[in-house]
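Here's a quick briefing to read with the model open on your screen. Have a look at the structure first, then work through the points below.

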Amino acid sequence: MDGAAKRRKRTITVFAALFVLLFVFMVLDLAQAFIPLTFREALLALFGIGSETNVIIVQQMNLPRVIMACLVGAGLSIAGAVMQAVFRNPMASPSILGLSSGAALGAAVAMTFTFAFLPMVLLVPLLAFVFCLATLFLVYSISHVGGKVPTETLLLAGIAVGAFLSALVSLLIYIAGDQMQGIIYWTMGNLTNADWENIAIVAPLIIAGCILMITYSRELNALMLGDAHALDLGVEVRKVRLQLLVASALVTAAAVAFVGVIGFVGLVVPHILRIVLGPDNRTLLPASLLGGAMFLVMCDYISRVISPSIGILPIGIITALIGAPYFIYLLRRRRSEVGWD
Amino acid sequence: MGLMLKVKDLCFSYRERPVLKDVDLEVRKGEVVGILGPNGCGKTTLLKLMNRNLRPESGQVWMEDKDLAAVSKKEIARHIAVVPQSNEIRFAFTVRDIVMMGRMPFLQQFQGESSDDARIVDEAMRKTNVSEFADRYINTMSGGERQRVIIARAIAQRPEIILLDEPTLHLDINHQFEVLDLVKRLSKEEGLTVVIVSHDLPMVVKYCDRIVLIHDHKVFADGTPDDILTKENLKTVFNIDAVLEYDATLKAKSVKIFGSYTKQS
């Protein structure tokens, strides 16, 4: 009847399960091709064993996409977990703060007004990134009143700014002409174009952001009790919160910059894990990394299994189709366990 | 006795509205000081300034010989623990998790809690009678139970000074005595310095060695309950008709309230 021991056992079980599932879905996703490989073939080809075709399919065609899925899933998920803790609101996520809309606007601007000085492949992620950070800065300064940043104001400002930016994206889609398809496709999110150069840019940003967030997990626990509690326990609230928000924006921007908007990962994954593991960020944040990576690789696998006949289905659609109903189920069934009302 | 806290020429306002003007206050080691005044007089603000949750507009707060402006929040939290008025917590931390957070100021980044920390936490939970709740979730508890958990957390900080903001607000009458008896005992036995902000006159009279009356944004009077709680002072500050008298049943001084001066319109 020792609650602490029970919790520790459950934590170990969850981490082990996440590791196994992540590994299984990675191999399954690596096996995807016009004629998919078997699990065993894919696993061997990953280590360069098997026919040349198999090795090319796994290592060159599929591996960058799977790695990108891991990075993006892990990044969006931990950023969501951190935002929920900082705002003490289980509904907070990169999209609620308007960050996803900001990034989408950046991408849409890049695609609509084809600037000459940079090729579009680089311009889209660059502007997505810049707009994402700018959105955070804007939302933060709007809600900055008299030396304080009240959580409620921040969330409402995020929703308002997000709505405004989404309207601008729609406007651009309307006037874009030739590029309309491209913008719409980007806002649905897709991993198809991931390559090693993209990963080389995204990986360091996401890893650096994640390290900063995990470093502050104890402070995040205190922040979840409220600003006053955190201050009483010696946390430099304003400094820590600003650093964590910048880190989450950085990770979000890096995650969506090349692959477009992928919704619900940052909301659903930490939410489920918090129900299973409890709110302690020292276990929740690492679990979110694993869980987010697993979830997105799984979604990518699903999108590839069901869509060969209709071309490749954007992964953002899958995450929303799986994520939203599950989230509604959680809202109805597990309210009290999440610690609402 | 040594000076623990010293507040000097402290001024604070929210927006343009002045809350505290030129407040001077000294708290000595082992004292139980009650800061008393009607709602909205700035007592809670004064408490928040005392551990630098708020920055003063002008003036200083000294902890022993250190100006708090030059001390990190973490260092302050190693000496001053706070029991805030509002204690609503929405997330499912266990009681032990919450009390363990009292050890935060003593831990480095990535440093795990030691068995010493666990022992301190167990002891704090025992003293506040929350051990039986150790594995319960804080968001499922009543306001009074949460209050005792937060007091346990404050004790787990092993502070030299404890600041309590309306400590009896959420508590049943039996737990009011329990909590304040505990704080009083820690003050007597371990030299804990206690500052209580309250509008609960009888409670302050029973437990405080010294009372500071706040009126009109300023320290109106400062001294022992006998000196301070005169008919005139109680009229000016609380607008009530009351006296401090020896009560033979209680075998102690007690405030007897006859009524209010507020005009009926």
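What follows covers the contact between the chains, a helix pair, a sheet and a pair of domains.

Keep in mind that this is a predicted model, where local features need pLDDT of at least 70, side-chain atom pairs count only at pLDDT 80 or more, and totals for chains, interfaces and linings use all residues. Residues are numbered from 1 along each chain as its sequence is written, while chains are lettered from A and ligands numbered from 1 in the order in which they are written.

**Where the chains meet**
- Chain A puts 24 residues into the contact and chain B puts in 23 (two residues are in contact if their C-beta atoms, placed from the backbone, lie within 7 Å).
- On the chain A side, helix 1 (3-30), helix 9 (217-225) and helix 10 (227-232) each give at least two residues (helices are DSSP runs of H or I, at least four residues, and strands are runs of E, at least two, numbered from the N terminus).
- Helix 9 of chain A has the largest share of that side, with five residues.
- By class, the chain A side has ten nonpolar, eight polar and six charged residues (Ala, Val, Leu, Ile, Met, Phe, Trp, Tyr, Cys and Pro count as nonpolar, Asp, Glu, Lys and Arg as charged, and the others, Gly among them, as polar).

**A helix pair in chain A**
- Helix 5 (residues 120-142) and helix 11 (residues 237-259) of chain A pack at about 150 degrees, with axes 8 Å apart (axes are lines fitted to C-alpha atoms, for helices over the stretch in contact, and angles run from 0 to 180 degrees between N-to-C directions).
- That makes helix 5 and helix 11 of chain A roughly antiparallel (the word is used for angles over 145 degrees).
- Among the residues that meet are Phe129(A) and Leu133(A) from helix 5, and Leu245(A) and Phe258(A) from helix 11.
- The contact of these two helices has 14 nonpolar residues, one polar and no charged.

**The sheet in chain B**
- Four strands of chain B make an open, antiparallel sheet in the order 2-1-4-5 (strands pair if DSSP finds at least two bridges between them).
- Strand 2 (17-28) and strand 5 (66-67) of chain B are at the edges with a single partner strand each, so one side of each has no neighbour in the sheet.
- Five bridges link strand 1 (residues 3-14) and strand 4 (residues 58-63) of chain B.

**Domains of chain B**
- Chain B splits into domain 1 (3-228) and domain 2 (229-265), with bounds from an automatic or database domain assignment.
- In chain B, 13 residues of domain 1 are in contact with nine of domain 2.

Conventions
Angles under 35 degrees count as roughly parallel, over 145 as roughly antiparallel, 65 to 115 as roughly perpendicular and the rest as oblique.
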